[in-house]
Amino acid sequence: MSEAERVHAAQGLFAETAQGPRLLGSKCRTCSTPYFPRSESCHNPDCSQSDLEDAAFGPHGKLWSCAIQNYPPPPPVVYDEPFAPYAVGLVDMPEGLRVLGRILTDDPQAVEVGGEVELVIEPLATSGESAQQLVSWQFKPR
Ligand SMILES: [Zn+2]
């Protein structure tokens, strides 16, 4: 069996760089406010001049909140059959972002709020016959 081609679930949101996985966003040169996903303008009301540049974030974060997804998500989200509940978390990143992402773990009930997590780019589903493997950003407990 040949290895499935890794296809990004969304374009322009994340990258697998030489330094590891990163989220792709923006940062204001004037006030340093970070944005994910990319923003065309700065939304900080105290900012004197919107001046955005591309920025990459990750891979470290801390789990701020977490919930268990107990029912299959609607398309286009993919998941393994039969459906198994998985954890979705809000992660605080040291760059000043709070980012939503699936938590990559075999035991969603054991995920601890406050725990350190690491950004990974992994398949959303690992089963199926497809020659393509849909990958996205996720957070893995450390
Ligand atoms: Zn700004």
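The legends below describe close-up views of a predicted model.

**View 1. Four cysteines hold the zinc ion.** The donors are Cys28 (SG), Cys31 (SG), Cys42 (SG) and Cys47 (SG). Their distances to the zinc ion run from 2.2 to 2.3 Å. The four donor atoms subtend angles of 101 to 114 degrees, so the arrangement is tetrahedral. For reference, ideal angles for four tetrahedral donors are 109.5 degrees. Along the sequence, the donor residues follow the spacing C-x2-C-x10-C-x4-C. Within this set, Cys28 and Cys47 link distant parts of the chain, 19 residues apart. Cys28 sits in strand E3, whereas Cys47 belongs to the loop between E4 and E5.

View 2. Cys28 and Cys47 are both buried. Cys42 is also buried, because its relative accessibility is 13%, under the 20% cut-off. Cys31 has a relative accessibility of 26% and therefore counts as partly exposed. The structure holds zero disulfides. A disulfide would be a covalent bond between the sulfur atoms of two cysteines.

**View 3. Ser32 has a positive phi.** Phi of Ser32 is near 70 degrees, a positive value in a residue other than glycine. Ser32 is in the loop between strand E3 (20-28) and E4. Its relative accessible area is 41%, so Ser32 is partly exposed.

View 4. The bond runs from Phe36 to Pro37. Its omega is near -5 degrees. Pro37 is in the loop between strand E4 (34-35) and strand E5 (52-57).

**View 5. Asp46 in the loop between E4 and E5.** This loop is the place of Asp46. Asp46 counts as exposed because its relative accessibility is 73%, over the 50% cut-off. Tyr35 lies 11 residues from Asp46 along the chain. The C-alpha atoms of Asp46 and Tyr35 are separated by 16 Å.

View 6. Pro82 lies in the loop between strand E6 (60-69) and strand E7 (86-93).

How values were computed
Residues are numbered from 1 along each chain as its sequence is written. This is a predicted model: local features need pLDDT of at least 70, side-chain atom pairs count only at pLDDT 80 or more; totals for chains, interfaces and linings use all residues. Side-chain values use heavy atoms; hydrogens and water are left out. A disulfide is a pair of cysteine sulfur atoms within 2.5 Å. Buried means under 20% relative accessible area, exposed over 50%, partly exposed in between (1.4 Å probe, protein chains only). Helices (H or I, at least four residues) and strands (E, at least two) are DSSP runs, numbered from the N terminus. Donors are N, O and S atoms within 2.8 Å of the metal (3.2 Å for Na, K and Ca); water is not among the atoms, so sites may look incomplete. Four donors count as tetrahedral if all angles lie between 85 and 135 degrees; four count as square planar and six as octahedral if opposite donors are over 155 degrees apart and all others between 65 and 115; anything else is irregular.
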